[in-house]
Amino acid sequence: MTEEKKPLKIAALGDLHVKDDHSTSYRELFGEISRAADVLVLTGDLTDLGKPREAEILAEELRACSIPVVDVLGNHDYECGHEDEIKAIIKGAGVHLLDGSSHEIDGVGFVGVKGFAGGFGRRMLGAFGEAAIKTFVAETMNEAMRLENAMRAVRATRSVVVLHYAPVAETVEGEPLEIFPFLGSSRLAETTDRFKVSAVVHGHAHRGRYEGRTPAGAPVYNVAFHIEKPSRRPYALIEV
Ligand SMILES: [Fe+2]
Ligand SMILES: [Fe+2]
């Protein structure tokens, strides 16, 4: 077995929703993850309201993490309109932010975007009618396109797609049916399926379920904090 093919142990976790009232703390969990895995993947909603102070608290707590960290932002990280500041704070903590980009660790390419909503399969929202609907759909398609461009740049034979929004309906099952279209978009899975992918991880659907597959068969894992996982821990452990 060559060094490059050695399995990489990934801890994946989403929806930390760090608050600035110190009611959340992940310091101990980051220490535990550093002993359990080779890489930590955070799937967005790092902060609860997108406040820079919340990102600063997370950056401070990430000092307890001694393994490489990659992440995408989630919709909550945009809430206050300070997403650029949040990106800078997180990057300042040594985190590899995937924002339509990729980052290779030990022969595995991590590639990510936040993604967007729009619904699944034949029921997904189409670009028809009012300008507002077209703008909404264009945002979904733009995120899918940014993912595609980032995936084209991956040279590693193994790759992990990191999203905030779900690419399939299977892993949002458990959420109210009425909000499925706001939890993700099949357009993300269509893009993923144009490439050979080892795993897809996402968050956002706090009450969804852990495991699903893209139409072409790539494994999809919803790793939002409160999802029950085979690891019996808040984080998923995935080997690629
Ligand atoms: Fe969330
Ligand atoms: Fe979210």
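User: What makes an atom a donor to the iron ion (ligand 2)?

Analyst: Donors are N, O and S atoms within 2.8 Å of the metal. In this predicted model, the iron ion (ligand 2) is coordinated at 2.1 to 2.3 Å by D45 (OD), N75 (OD1), H164 (NE2) and H204 (ND1). These distances fall within the cut-off of 2.8 Å, so the four atoms count as donors. Along the chain their spacing reads D-x29-N-x88-H-x39-H.

User: Why is the site of the iron ion (ligand 2) called irregular?

Analyst: A tetrahedral site needs all angles between 85 and 135 degrees. The angles among the four donor atoms of the iron ion (ligand 2) run from 89 to 155°. Water is not among the atoms, so a site may look incomplete.

User: Which residue coordinates both iron ions, and how far apart are the ions?

Analyst: D45 coordinates both, and the iron ion (ligand 1) and the iron ion (ligand 2) are 3.5 Å apart. D45 is itself buried, since its relative accessible area is 1%, against a cut-off of 20%.

User: How do you know which residues are the protein donors of the iron ion (ligand 1)?

Analyst: D15 (OD), H17 (NE2), D45 (OD) and H206 (NE2) lie 2.0 to 2.2 Å from the iron ion (ligand 1). That is within the 2.8 Å limit, so they are donors. They follow the spacing D-x1-H-x27-D-x160-H. D45 is in the loop between β2 (39-42) and α2 (52-61), and H206 is in the loop between β8 (199-202) and β9 (211-213), so this pair ties together parts 161 residues apart in sequence. H206 is partly exposed, with a relative accessible area of 30%.

User: Why are the buried residues of helix α3 said to be on the same side?

Analyst: The buried residues of α3 (residues 83-92) are E83, I86, K87, I89 and I90. They cover an arc of only 165° around the axis, which puts them on the same side of the helix. D84 and G92, on the other side of α3, are exposed. The buried residues pack against α2, β3 (69-71) and β4 (96-97).

User: What makes β4 and β11 edge strands?

Analyst: The open sheet of five strands has the order β4-β3-β2-β1-β11, with mixed pairing. β4 and β11 (236-239) each have a single partner strand, so one side of each has no neighbour in the sheet.

User: How do you know that β1 and β11 pair?

Analyst: Two strands pair if there are at least two bridges between them. Four bridges join β1 (residues 9-13) to β11, so the two count as a pair, and they run antiparallel. A12 has A236 in β11 as its bridge partner.

User: Why do β7 and β8 count as paired?

Analyst: Strand β7 (residues 158-162) and β8 share three bridges in the parallel sense. The requirement is at least two, so they count as paired. V162 stands opposite V201 in β8.

Technical notes: Residues are numbered from 1 along each chain as its sequence is written. Chains are lettered from A and ligands numbered from 1 in the order in which they are written. This is a predicted model: local features need pLDDT of at least 70, side-chain atom pairs count only at pLDDT 80 or more; totals for chains, interfaces and linings use all residues. Side-chain values use heavy atoms; hydrogens and water are left out. Donors are N, O and S atoms within 2.8 Å of the metal (3.2 Å for Na, K and Ca); water is not among the atoms, so sites may look incomplete. Buried means under 20% relative accessible area, exposed over 50%, partly exposed in between (1.4 Å probe, protein chains only). The arc is that of the directions from the helix axis to the C-beta atoms. Contact means heavy atoms within 4.5 Å. Four donors count as tetrahedral if all angles lie between 85 and 135 degrees; four count as square planar and six as octahedral if opposite donors are over 155 degrees apart and all others between 65 and 115; anything else is irregular.
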